[in-house]
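Me: I would like to learn how to read a fold from its coordinates. Can we work through one model together?

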Amino acid sequence: MSDLIRTLVVDDDAASRQRIRALLEREADIAVIGECADGAEAIPRIRAEAPELVFLDVQMPQVDGFGVVEAIGPAKMPVTVFASAYVEFALRAFEACALDYLLKPFDEERFARALDRAREAARARRGTADPRLDALMQLIQNPGRAEYPQLLAVKTGDQYRFVEVADIDWIEADGNYIKLHVGKTERLVHKTLTEMEERLLDPARFVRIHRSTIVNLSRIALVDPLFHGELSVALKDGTRLVCSRRFRPRLQERVYFTG
């Protein structure tokens, strides 16, 4: 058996494919057998050529990276390094299954670390299945089983700054963005309030009190009645928020009002 690790690059972005390929071709023990521009192309290629290592983009049209794994089957899938611009569920799933990933944009140092781990896994795995991929697909197919994230990676310029979810005081809608209020710091995220509420926030910890506001329950100091069934919600830092009549039942479901 050759010592060369036969490797396939799958990414719908041509520049990303070229960059990954250029980095791989520097390595004496890596043989790049080809590139695929989408998941639909990758599936028959993996079946026919049986690469030992695949760099696989998550977000692709028609068939995404997870669709490729599902079609091939975790037992037959090569060692896989996922590349993703996502920092939400996908990242949590990779970490939960101890799978490596490249968070775009990545630098050469981060790529080298991922490749070192992948090369070790590929050599150790030859002829055997990777149980981590099966665990990943279980999480992808049953997302309700995944824990809510403890960290959010918020893109700031060319970097990602990590915010502990527990440190978020409240969140407000801000046009096409949402604004995370973390102490005296504000972070803009290109998401909707509904996406945050439904996908990323533990309902035992956060509650939506207005169409434009979500609050961390542990930050609430007191609540005062306003007019027409609305409530004034005071946070421990003195911030005042409004709980609308429409969302008041949600707050009352989470907090026991004795009077």
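The dialogue below goes from the sheet to the helices and then to the cores.

Reply: First, the ground rules. This is a predicted model, where local features need pLDDT of at least 70, side-chain atom pairs count only at pLDDT 80 or more, and totals for chains, interfaces and linings use all residues. Residues are numbered from 1 along each chain as its sequence is written, and side-chain values use heavy atoms, with hydrogens and water left out.

Me: In what order do the five strands form the open sheet?
Reply: Start with the terms. Strands (E, at least two residues) and helices (H or I, at least four) are DSSP runs, numbered from the N terminus. Two strands pair if DSSP finds at least two bridges between them. Here the order is β2-β1-β3-β4-β5, with parallel pairing.

Me: Which strands stand at the edges?
Reply: β2 (30-36) and β5 (101-103) do. Each has a single partner strand, so one side of each is left without a neighbour in the sheet. From one strand to the next, the twist averages 20 degrees. Angles run from 0 to 180 degrees between N-to-C directions, and axes are lines fitted to C-alpha atoms, for helices over the stretch in contact.

Me: How many bridges join β1 to β3?
Reply: Four, between residues 5-10 of β1 and residues 53-57 of β3, which run parallel.

Me: Which strands does helix α1 touch?
Reply: Contact means heavy atoms within 4.5 Å. Helix α1 (residues 14-24) packs on the sheet and touches β1, β2 and β3. Its direction makes about 170 degrees with that of β2. Helix α5 (residues 108-125) lies across β1, β2, β3, β4 (79-84) and β5. The angle of α5 to β4 is about 155 degrees.

Me: At what angle do α2 and α3 pack?
Reply: About 30 degrees, with the axes of α2 (residues 39-49) and α3 (residues 65-72) 9 Å apart. From α2, the contact uses G39, A42, I43, I46 and R47; from α3, it uses G67, V68, A71 and I72. These residues divide into six nonpolar, two polar and one charged. Ala, Val, Leu, Ile, Met, Phe, Trp, Tyr, Cys and Pro count as nonpolar, Asp, Glu, Lys and Arg as charged, and the others, Gly among them, as polar.

Me: Which residues touch the most other members of the largest nonpolar core?
Reply: In soluble globular proteins, nonpolar side chains tend to be buried together. A nonpolar core is a set of buried Ala, Val, Leu, Ile, Met, Phe, Trp, Tyr and Cys residues joined through side-chain atoms within 4.5 Å. Buried means under 20% relative accessible area, exposed over 50%, partly exposed in between (1.4 Å probe, protein chains only). The largest core has 20 residues, and L24, L53, F55, L102 and F111 touch the most other members. At least two residues each come from β1, α1, β2, β3, β4 and α5. α5 gives the most, with six.
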